[in-house]
Amino acid sequence: MKRKWCIEQKKQHVADWRASGLTRRQYCVLNDISFASFRDWPRDVARAEQPARAPAVLPVHLSGSSSPVAGTVTFFLHGGIQLRCLPSQFKHRFR
(Lines give C-alpha, C1' and ligand atoms only; values in the text may rest on other atoms or scores of the structure.)
Protein backbone atom coordinates (compact mmCIF):
# COMPACT_ATOMS: atom_id res chain seq x y z
CA MET A 1 0.00 0.00 0.00
CA LYS A 2 1.26 3.44 -0.93
CA ARG A 3 1.92 5.74 2.00
CA LYS A 4 0.72 9.37 1.87
CA TRP A 5 3.10 11.96 3.33
CA CYS A 6 1.94 15.38 4.55
CA ILE A 7 4.04 18.46 3.76
CA GLU A 8 5.29 18.74 7.35
CA GLN A 9 6.64 15.18 7.22
CA LYS A 10 8.26 15.93 3.86
CA LYS A 11 9.89 19.09 5.25
CA GLN A 12 11.31 17.18 8.20
CA HIS A 13 12.67 14.34 6.08
CA VAL A 14 14.22 16.72 3.54
CA ALA A 15 15.93 18.66 6.35
CA ASP A 16 17.11 15.42 7.98
CA TRP A 17 18.40 14.07 4.65
CA ARG A 18 20.33 17.28 3.90
CA ALA A 19 21.92 17.20 7.36
CA SER A 20 22.74 13.47 7.14
CA GLY A 21 25.36 13.56 4.40
CA LEU A 22 23.70 10.52 2.81
CA THR A 23 22.60 10.22 -0.78
CA ARG A 24 18.86 10.36 -1.38
CA ARG A 25 18.78 6.66 -2.11
CA GLN A 26 20.69 5.79 1.09
CA TYR A 27 18.38 7.99 3.18
CA CYS A 28 15.31 6.36 1.61
CA VAL A 29 16.53 2.85 2.36
CA LEU A 30 17.32 3.73 5.99
CA ASN A 31 13.94 5.42 6.52
CA ASP A 32 11.72 3.07 4.49
CA ILE A 33 10.71 5.79 2.01
CA SER A 34 10.06 5.19 -1.68
CA PHE A 35 12.92 6.74 -3.65
CA ALA A 36 10.56 7.51 -6.55
CA SER A 37 8.44 9.60 -4.18
CA PHE A 38 11.28 11.18 -2.21
CA ARG A 39 13.14 12.55 -5.22
CA ASP A 40 10.36 15.16 -5.70
CA TRP A 41 10.11 16.21 -2.05
CA PRO A 42 12.70 19.03 -2.12
CA ARG A 43 10.69 20.67 -4.92
CA ASP A 44 7.42 20.07 -3.04
CA VAL A 45 8.90 21.68 0.10
CA ALA A 46 10.23 24.67 -1.87
CA ARG A 47 6.80 25.24 -3.44
CA ALA A 48 5.06 24.99 -0.07
CA GLU A 49 7.41 27.57 1.43
CA GLN A 50 6.90 30.12 -1.34
CA PRO A 51 4.61 32.96 -0.32
CA ALA A 52 1.27 32.95 -2.07
CA ARG A 53 1.29 35.19 -5.09
CA ALA A 54 -1.09 38.12 -5.07
CA PRO A 55 -3.81 37.83 -7.68
CA ALA A 56 -3.06 39.68 -10.87
CA VAL A 57 -5.02 42.85 -11.44
CA LEU A 58 -5.81 43.67 -15.03
CA PRO A 59 -6.92 47.06 -16.28
CA VAL A 60 -10.47 47.13 -17.58
CA HIS A 61 -11.94 49.55 -20.08
CA LEU A 62 -15.71 49.80 -20.26
CA SER A 63 -17.32 50.64 -23.56
CA GLY A 64 -20.84 51.70 -24.31
CA SER A 65 -21.73 48.56 -26.25
CA SER A 66 -24.65 46.56 -24.95
CA SER A 67 -24.28 43.14 -23.42
CA PRO A 68 -25.83 40.12 -25.19
CA VAL A 69 -27.72 39.40 -21.97
CA ALA A 70 -29.73 42.42 -20.83
CA GLY A 71 -28.58 44.04 -17.58
CA THR A 72 -25.18 42.29 -17.40
CA VAL A 73 -21.58 43.33 -17.83
CA THR A 74 -19.54 41.02 -20.06
CA PHE A 75 -15.78 40.62 -19.75
CA PHE A 76 -13.98 39.03 -22.69
CA LEU A 77 -10.97 37.16 -21.33
CA HIS A 78 -7.97 35.46 -22.86
CA GLY A 79 -8.74 32.15 -24.53
CA GLY A 80 -12.22 33.16 -25.64
CA ILE A 81 -13.69 33.05 -22.14
CA GLN A 82 -16.65 35.33 -21.46
CA LEU A 83 -17.55 36.33 -17.92
CA ARG A 84 -20.98 37.89 -17.36
CA CYS A 85 -21.81 39.66 -14.11
CA LEU A 86 -24.53 41.87 -12.75
CA PRO A 87 -23.45 45.49 -12.10
CA SER A 88 -24.62 45.09 -8.48
CA GLN A 89 -21.85 42.53 -7.91
CA PHE A 90 -19.10 45.16 -8.18
CA LYS A 91 -17.76 47.30 -5.37
CA HIS A 92 -17.62 50.37 -7.60
CA ARG A 93 -20.89 51.09 -9.34
CA PHE A 94 -21.12 51.68 -13.06
CA ARG A 95 -22.42 55.00 -14.24
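Axes here are lines fitted to C-alpha atoms, for helices over the stretch in contact, and angles run from 0 to 180 degrees between N-to-C directions. Keep that in mind for the second stop.

This is a predicted model: local features need pLDDT of at least 70, side-chain atom pairs count only at pLDDT 80 or more, and totals for chains, interfaces and linings use all residues. Residues are numbered from 1 along each chain as its sequence is written, and side-chain values use heavy atoms, with hydrogens and water left out.

**Whole chain**

Show the chain as a cartoon. It has 4 helices and 2 strands; helices (H or I, at least four residues) and strands (E, at least two) are DSSP runs, numbered from the N terminus. Follow the elements from the N terminus: α-α-α-α-β-β. Of the 95 residues, 19% are buried, where buried means under 20% relative accessible area, exposed over 50%, and partly exposed in between (1.4 Å probe, protein chains only). Take contacts between residues at least 6 apart in sequence: 27% of them join residues at least 24 apart. Contact means heavy atoms within 4.5 Å.

**Helix 1 and helix 2**

Select 7-20 and 24-31, which are helix 1 and helix 2. Their axes come within 10 Å and cross at roughly 120°. The two helices are therefore oblique to each other. (Under 35 degrees counts as roughly parallel, over 145 as roughly antiparallel, 65 to 115 as roughly perpendicular, and the rest as oblique.)

Now show side chains. Which residues meet here, between helix 1 and helix 2? From helix 1 come His13, Asp16, Trp17 and Ser20; from helix 2, Arg24, Tyr27 and Asn31. By class, this contact has 2 nonpolar, 3 polar and 2 charged residues. Ala, Val, Leu, Ile, Met, Phe, Trp, Tyr, Cys and Pro count as nonpolar, Asp, Glu, Lys and Arg as charged, and the others, Gly among them, as polar.

**Helix 4**

Select 41-49. Trp41, Pro42, Asp44 and Val45 are buried in this helix. Look down the axis of helix 4: the buried residues fall within an arc of 160°, so they line one face. The arc is that of the directions from the helix axis to the C-beta atoms.

**Leu86**

Finish at Leu86, in the segment after strand 2 (81-85). Is Leu86 buried, exposed or partly exposed? Leu86 is partly exposed, at 43% relative accessible area. Leaving aside neighbours within four places in sequence, Leu86 is in contact with Gly71 and Thr72. Draw a distance between the C-alpha atoms of Leu86 and Thr72: they are 4.7 Å apart, and the residues are 14 apart along the chain.
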